[in-house]
Amino acid sequence: MIELRNPQALVDYCQRIRTAADPQQRRIRVCDGTGCRALGSRRVLARLQETLGEAGLAGEIEVVPTGCPGFCELGPLITIDPEKIAYNRVSVDDVPAIVAKTIARGEIIDGLVFVDPVTGQTIIHDNELPFYTKQMRRVLELNGEIDPSRIEDYIAHDGYASLSKALYKMTPEQVIEEVRQSGLRGRGGAGFSTGLKWRFCRQSPGDVKYIICNADEGDPGAFMDRSILEGNPHSVVEGMIIGAYAMGATQGYVYVRNEYPLAVQNLRIALKRAREHGLLGKNILGSGFDFDIEIRVGSGAFVCGEETALMASIEGKIGEPRPRPPYPAQSGLWGKPTNINNVKTWSNIPLIVRNGADWFSSVGTENSKGTMIFSLVGNIRNTGLVEVPMGISLRELIYDVGGGVPGGKEFKAAQIGGPSGGCIPKEHLDVPIDYESLTALGAIMGSGGLVVADEDTCMVDLARYFLKFTQEESCGKCVPCRIGTRAMLQTLERICAGQGREGDIEYLIELGQEVKRSSLCALGGTAPNPVLTTIRYFRDEYEAHIYDKKCPARVCKGLITYEIVAELCSGCMVCARNCPAGAITGEKGQPHVINPQVCSRCGVCQSLCKFDAIVVY
Amino acid sequence: MHFEPSELVETIERNGVGASLISVLEEVQTRYHYLPREAMILVSERLGMPLSQVYSVATFYHAFSLVPRGKHKICVCTGTACHVRGAVQVLDRLKARLGVEPGGTTRDREFTLETVNCLGCCALGPVVVLDDEYEGQMTTKKVDKLLKRAMRQVGEEQ
């Protein structure tokens, strides 16, 4: 293990790693992120090593487990270098052919390469996949390229060079000024200027200061923070050390969700390696600057993503937010000046210090600079993580990068910003994605979760879903959030159950605005957004539920009926046997009947019917 | 698993007197899959804080349970992506088959049904996690198969 005691030692070390690496080295990169693991990538990886060993190629060909490159839809993903042959949906059974054909003879296997669903064109190389070519990958650049457990891989890609530059060539004030000029805004949701936030913390009197990385990524449908920590943890560590230097902090914390075990594991390895190399801990890079980072694993409370609640949780208390001011920059963790930034904000820092504020701000709109990472989920063809320049239109993001809505369905709305965000309908598909434009439409940038809803999604049900989430996660400290969200949820549940009344919509709007205005923290302050935006853009769906007692998307259980089409029913009895309510009757070989009085609308019969004989209306 | 006070004392000593209450409780939860009453009393005595404070933390965070859990955990992701792809039907099926609500444990103490807000495997939705195995693109039919397999395993263990 090598300890780097000065900037030159880092430069030399980087050079040595690069010289030792052969650019023509045959290697197979296997995505080892949580998404691909769930699809079986670990088994593929093990089988690859085994098969290469049997073929006597183990010494020649490296198998590299990498972080998530983002194209989760097609996992498990593998890429064969130096050609960058991208294979997707690889199973263990494909491994022998990959080794025998592609590795041994350079042949491409047709069934494993990407075929563009629109043009039918075959694309062999990963850098030519339309999913990637439409993106601008800065923060995610090394995700999928490097082995996150090897600090050498990060250093070979100029890792920690920004730290060296900050420590030896810049004063703390210059670092802060560079970050401020770049226009970087908090990537966790609120979008406050990072440079200004840092300056407040720097100027705050006190010998002991803390910095925190907020990795309590709680928005359902957002997983970019996890992917960065899993795939490129050193970028976050480096960003934090630079921030600590700029603000004069000596201790940092990363607060991670307990649902992200792999992120915790990879981060833990990264911290250990950074310490061993003299890049973290005492006397960093021989500069005399001391700083260390500890991991705190959350215990499953969404509200802990709010900065004051998060700090209370680190202190070992229940995660309840408190009023601001005082802001954390004045009085944060254990009453000391504290700065909290999101994972993505921290991982942008090394890029800004290395390439300069002008480079960073050359991309984006007037007030939203740089790139933004979105997780595209829901009814979208290319589910996954994407990084795009700020200002890209929602249409480009969903159709060009995301591949549009699958199954020939119509796009209905995009919910941006998770349970705190709002939905954006088809009419506004050309909105440029930046902080202000999204806020003007009632949504928020949030942390980048983007859920696409197609024609089969009921917007009232979606609003109810998000509100149920925030209501359950409300910590209960302040009344508007505790009681207000509950009252709103009860109303929505009534509407979805077919018991909506005249005046419900107006009541939801009035109450929603009040909850937003008077809640203590951002949880309550944003919880009504999904309800208010769905009312704003899909009021007709609410009216259909309330006045016509119909759910146009045929989702809300209280407003739909299941029926068996007698002509299609074969009388196989599968539905009758599996109906949990015992609502289905009929003789074997004879058409069956559902008793609507008994039916619980669970949909089990429809999902089990082989003859598509069960319809909903 | 039976609660061992000496183990807990050792855990607390290892974490130090100034240990975070949450870290200690997390260790207990991992060990016993719930927080036994005696454990909470002992934590309160050893860390020198009122039992009410221990209780407030234990009931605030979702990761802690005050009742014993089953040997196996079946967890349904109810994140947005899974929701719009049919997680509700999957959860309903599991509720019906196991005869418990989310958070509940079957009478034989074999299975606990849980939900999680998002695992971040949104491409695979709806996702069900059986112990540590992720199962993607779940349907009512696939849930049945998964349960059959799990129950067969339980049978073999016995």
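These legends describe close-up views of a predicted model. Local features are given at pLDDT of at least 70, side-chain atom pairs count only at pLDDT 80 or more, and totals for chains, interfaces and linings use all residues. Residues are numbered from 1 along each chain as its sequence is written, while chains are lettered from A and ligands numbered from 1 in the order in which they are written.

**View 1. Two cis peptide bonds involve Pro325(A).** Most peptide bonds are trans. The bond from Arg324(A) to Pro325(A) is cis, with omega near -5°. The bond from Pro325(A) to Pro326(A) is also cis, and its omega is near 0°. Pro325(A) sits in the loop between α13 (307-314) and β10 (338-342) of chain A. Pro326(A) is found in the loop between α13 and β10 too. Helices (H or I, at least four residues) and strands (E, at least two) are DSSP runs, numbered from the N terminus.

**View 2. Lys549(A) has a positive phi.** Most residues other than glycine have a negative phi. Lys549(A) is not a glycine, yet its phi is about 55°. Look for Lys549(A) in the loop between α22 (529-546) and β16 (562-564) of chain A. Lys549(A) counts as partly exposed because it has 13 C-beta neighbours inside 10 Å. A residue is buried if 20 or more other C-beta atoms lie within 10 Å of its own, exposed if 12 or fewer, and partly exposed in between; C-beta atoms are placed from the backbone.

**View 3. Asp612(A) also has a positive phi.** Its value is near 50°. Asp612(A) lies in the loop between α24 (604-608) and β19 (614-616) of chain A. With 9 C-beta neighbours inside 10 Å, Asp612(A) counts as exposed.

**View 4. Helix α19 packs with α22 in chain A.** Helix α19(A) covers residues 479-496. The two helices pack at an angle of about 35°, with axes 11 Å apart. Axes are lines fitted to C-alpha atoms, for helices over the stretch in contact, and angles run from 0 to 180 degrees between N-to-C directions. From α19(A), the contact uses Met488(A), Leu492(A), Ile495(A) and Cys496(A). From α22(A) come Val531(A), Tyr542(A), His545(A) and Ile546(A). Two residues are in contact if their C-beta atoms, placed from the backbone, lie within 7 Å. The contact residues divide into 7 nonpolar, 1 polar and no charged. Ala, Val, Leu, Ile, Met, Phe, Trp, Tyr, Cys and Pro count as nonpolar, Asp, Glu, Lys and Arg as charged, and the others, Gly among them, as polar.
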